[in-house]
Amino acid sequence: MNMRKIMLVVVFLCLTIASKANTEPSLTEVKVGTELKIGEASSSTYQHLILPRKNFIIKRGGLANYKSLKKLTVVVTAVNTNSDGNVEVTLKRKNGKRFFNSHPTIKADYNKALEQKELLKK
């Protein structure tokens, strides 16, 4: 009789833990098509958005103005998980224009950019 009660308690605890794990959204849940907004740089420049260097932007005929990124609405086009467990997302502008008039997409370290508020959920 005692063994039966112990097994019942163990099964109940396992079900409770499993249901709690399913209901808590993780920080890394991002899907293709998710809309995000670019926030302020965490320091003088963006640390977790992987942006092209100024000379590459200028060579392709663009304007190297990183301040123009603030408050842009972007859409996730690809999600890649590195071997480190970092989630890297590829972003394009929602309005279809190019970043800096030269690059169609940019990349970002999703979790770190959210923590530093460089990317904001809409």
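Buried means under 20% relative accessible area, exposed means over 50%, and partly exposed lies in between (1.4 Å probe, protein chains only). The model is predicted, so local features need pLDDT of at least 70 and side-chain atom pairs count only at pLDDT 80 or more, whereas totals for chains, interfaces and linings use all residues. Residues are numbered from 1 along each chain as its sequence is written, and side-chain values use heavy atoms, with hydrogens and water left out.

**View 1. The salt bridge between K94 and E35.** A salt bridge (a side-chain nitrogen of Lys or Arg within 4 Å of a carboxyl oxygen of Asp or Glu) joins K94 to E35, with the closest N and O atoms 3.2 Å apart. Because K94 lies in the loop between β4 (87-93) and β5 (105-109) and E35 in strand β1 (residues 35-38), the pair ties together parts that are 59 residues apart in sequence. Strands (E, at least two residues) and helices (H or I, at least four) are DSSP runs, numbered from the N terminus. K94 is partly exposed at 47% relative accessibility, and E35 is partly exposed at 29%.

**View 2. The salt bridge between E35 and K122.** The side chains of E35 and K122 meet at 3.7 Å, N to O; since K122 lies in the segment after β6 and E35 in strand β1, this pair ties together parts 87 residues apart in sequence. K122 counts as exposed, at 59% relative accessibility.

**View 3. The surroundings of Q116.** Q116 lies in the loop between α3 (110-115) and β6 (119-121) and is partly exposed, with a relative accessible area of 41%. Not counting residues up to four places away in sequence, Q116 touches S42 and H48, where contact means heavy atoms within 4.5 Å.
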